[in-house]
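Work through the exercises below with the sequence and the model open. Try each task before you read its solution.

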Amino acid sequence: MTQLIQPQIVWTAAMSAMFLPLIAFGLILLITHRWARVSAALAIVAAGASLACSVYLLATLHDVQIPLRSTQTWMMTSDFRITFGYLLDPLSLLMLVIVAAISLLVQVYSLGYMTGDPGFARYYAFLSLFAWAMLSLTLAPNLLQLYIFWELVGLSSYLLIGFWYEKFSASEAGKKAFVMTRLGDVAFFLGILLLLMNLGNLDILRLNAPETTDRLSPGLLTTAALLIFGGIVGKSAQFPLLTWLPDAMEGPTPVSALLHSATMVAAGVFLLARLFPFFNASPTAMSVCLAIGAISMLMAATMAMVADDIKQVWAYSTISQLGLMIMALGAGGYAAGVFHLTTHAGFKALLFLCAGIFIHAFGTNDMFTIGQAGARKRRIPMICLIVAAAALAGVPPFSGFFSKELIMARLADHPNPLWLIVGLLGVWLTAYYTFRLIFVMLRPRPGVIPQTAEGHAHHGAHRFAEGAMNVVVLLLAVVAIVLGWFEKPISAFIVAPHSALAATGGHHAWLLWVTLALAASGVALAWLEFGRRTATQKGFVEKMPALQTLFANRWYLDRLYRRLLDDGIYRGLSRLCAKNDQKVIDAGLDELAGGTVASGRMIHGLHAGMIQYKLLTISIALGLLGIYLLF
Amino acid sequence: MNVPLTHLLTLAGGLFFIGIWCAVTRRNLIMVMLGIEIMLNAAALAFVGASLRWQQMEGQAVALFVLAIAAAEVSVGLALIICIYRRYRTLDPAKVQ
């Protein structure tokens, strides 16, 4: 089989998968930005071709044992060599297909969602840039190339979150996302530098090799791993840098779908999976992963229990699910984490896109209002939303069930039972808050039916637009239903290069039933409180005001950061810097200028045309000359 | 017993600076010229001291020349000062423009 693969064709396919969206981005910005439809068509064609190349690569290379690399030297010094190129192994192939597929679907969906927006062409240009950055990130063969595209992903998500830049909250959210992820990226970059100084190369395959990890001292290894994990925390919105993600829904809904499923936040988990053997060599780093994942998962789940904004609920659930993936990876479950990333990409995109249809139709984000306005009458998005929610809650036979099952089995193998308990609690919370939203929308509170603010008329163009949106959500719903059954082949495919790490855990038959019972009880509680005919639609959290305010205020994290910023940075550090600027730098320059002027004043008295002053100057000059010559 | 050369040179240097000081600071042309005379005498003193130190007569000869030149210079200078006074009715160099 290996002999049949043409390296030339693989090279072409990988390059086109990587660079077609970039070409679309350039063409749209330079040439076609006036013609909205041409730009959209260009972007979609590029994304489609990119998807075709990715699928071709996956189909050709799926049983190749050795990862394929192709690199060119970009920079060389005596100490290290930096290369550019691509790396094709199961993880990058799988991620490549996910990213290309979700990008394409989101772009098709946006045809409907963004119709008539004045920035239509710009929107598609940014989506293409986003797709290019993420596709190249997945194929990066070394950490430096990965870091470059990592930053490009951050930049394009900043551009898209702040897409409606006239809106103050949107541009603020974009800035917040950029700055908070930058905080993590600084740590990531320091980690890269540390590795570069100590190892002299940043090649991912070599970093993952046991010879390399043996060469580093344990302390250094842990430090480097934790620094890189800092970048993951920022990108994947984990505790303590999680507050940017809920604000990031200020962007258009399809952008949120892309950002939350396959591109921006998935990049963090992808990096952790990419360097999994490296992280695995440091038990401390793995424990930190477990702890951070667990904290973020529970925190975000509690926030989701009281949120009324439909997109915000999904944003919190993204943080929570990413926390679960990081926990899985931290517990050593490579296949479990990556498989959950895969299924999550599908159903989270579906959740956001369905929510987008409702938001587009009713012009509001509030789930109670959407319910009252008649969400249940829209059959297709409602059914798809329920499918996706069931997948998120871990209800069989949807995809989320299978991946969560894998993760729980992995956590059960961990010697510390605390993590399993935390994981199960997370499962219950997820089922509860997901179905809270579903029941609120299915059983609207009796009340005044608000006039739909936008009232999108149903003429021809809009029918096409809604058709595009519906087709996309139906496709994704099918994926959410079917993907779970491919658990075995996908896991086997991913684990292939890491066969040493794929320790088979014990079989836990009881765990399956416990997980199922917890998910079911979460759904049942949601039904009791929100779904019954006589339900008060008040959750048990809302009956405890203290908890309610705590969760609704996001555990006061934003408040705390604001306080730190105001007191620590603005009042402390910035003021000292301002003082230094005024009193030392400015005052020093002023003194220098003043001194020059004053000495000029002193000397100009000598130029009064007086013979005696000239005599004085001559004798002083001669005296000084004499001193100079004699000594 | 000979006076050491350093003492003589110190005296000559002191006189020279007094002369400069007088020539530069005084606002009277006669005093300025007096300062120049002091400087000339300081130089002559240095020559005499040097001739004493090396037992050569040329130094003393030069001192005699200096005295002669000083007398000539004073006569020319005083004549100029009288002319200036007649013309400007003042001896302040700042006002003689």
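The exercises that follow concern a predicted model.

**Exercise 1. The fold of chain B**

Task: Find how many helices and strands chain B has, and decide whether chain B is spread out or a compact globule.

Solution. 
Step 1. Count the elements: chain B holds three helices and zero strands.
Step 2. Read them from the N terminus, which gives the order α-α-α.
Step 3. Compare the radius of gyration with the globule rule. The value for chain B is 16 Å, while the rule gives 13 Å for 97 residues, so chain B is more spread out than a compact globule.
Step 4. Look at the dimensions: along its principal axes the C-alpha trace of chain B spans about 50 × 25 × 20 Å.
Step 5. Of the 97 residues in chain B, 14% are buried. Among the contacts in chain B between residues at least 6 apart in sequence, 46% join residues at least 24 apart.

**Exercise 2. Helix 12 and helix 15 of chain A**

Task: Describe how helix 12 of chain A and helix 15 of chain A pack, and say which residues meet.

Solution. 
Step 1. Two packed helices are described by the angle between their axes and the distance between the axes.
Step 2. For helix 12 (residues 264-274) and helix 15 (residues 310-330) of chain A, the angle is about 0° and the axes are 10 Å apart.
Step 3. The two helices are therefore roughly parallel to each other.
Step 4. List the contact. From helix 12 of chain A come Val265(A), Val269(A), Leu272(A) and Ala273(A); they meet Thr318(A), Leu322(A), Met325(A), Ile326(A) and Leu329(A) of helix 15 of chain A.
Step 5. Sort these residues by type: eight are nonpolar, one is polar and none is charged.
Step 6. Check burial. Eleven of the eleven residues of helix 12 of chain A are buried, so this helix is largely enclosed by the rest of the structure. Among them are Gly268(A), Phe270(A) and Arg274(A).

**Exercise 3. A peptide bond, an interface and two domains**

Task: Find which residues a cis peptide bond joins, how many residues of chain B are in contact with chain A, and what distance separates the centres of domain 1 and domain 2 of chain A.

Solution. 
Step 1. Most peptide bonds are trans. The bond between Phe239(A) and Pro240(A) is cis, with omega about 0°. Pro240(A) lies in the loop between helix 9 (218-235) and helix 10 (244-247) of chain A.
Step 2. At the interface, five residues of chain B contact six residues of chain A. On the chain B side, five are nonpolar, with no polar and no charged residues.
Step 3. Chain A is divided into domain 1 (282-449 + 457-552) and domain 2 (560-630). Taken over C-alpha atoms, their centres are 67 Å apart.

Technical notes: Residues are numbered from 1 along each chain as its sequence is written. Chains are lettered from A and ligands numbered from 1 in the order in which they are written. This is a predicted model: local features need pLDDT of at least 70, side-chain atom pairs count only at pLDDT 80 or more; totals for chains, interfaces and linings use all residues. Helices (H or I, at least four residues) and strands (E, at least two) are DSSP runs, numbered from the N terminus. The radius of gyration is taken over C-alpha atoms; the globule rule is 2.2 Å times the number of residues to the power 0.38. A residue is buried if 20 or more other C-beta atoms lie within 10 Å of its own, exposed if 12 or fewer, and partly exposed in between; C-beta atoms are placed from the backbone. Two residues are in contact if their C-beta atoms, placed from the backbone, lie within 7 Å. Axes are lines fitted to C-alpha atoms, for helices over the stretch in contact, and angles run from 0 to 180 degrees between N-to-C directions. Angles under 35 degrees count as roughly parallel, over 145 as roughly antiparallel, 65 to 115 as roughly perpendicular and the rest as oblique. Ala, Val, Leu, Ile, Met, Phe, Trp, Tyr, Cys and Pro count as nonpolar, Asp, Glu, Lys and Arg as charged, and the others, Gly among them, as polar. Domain bounds come from an automatic or database domain assignment.
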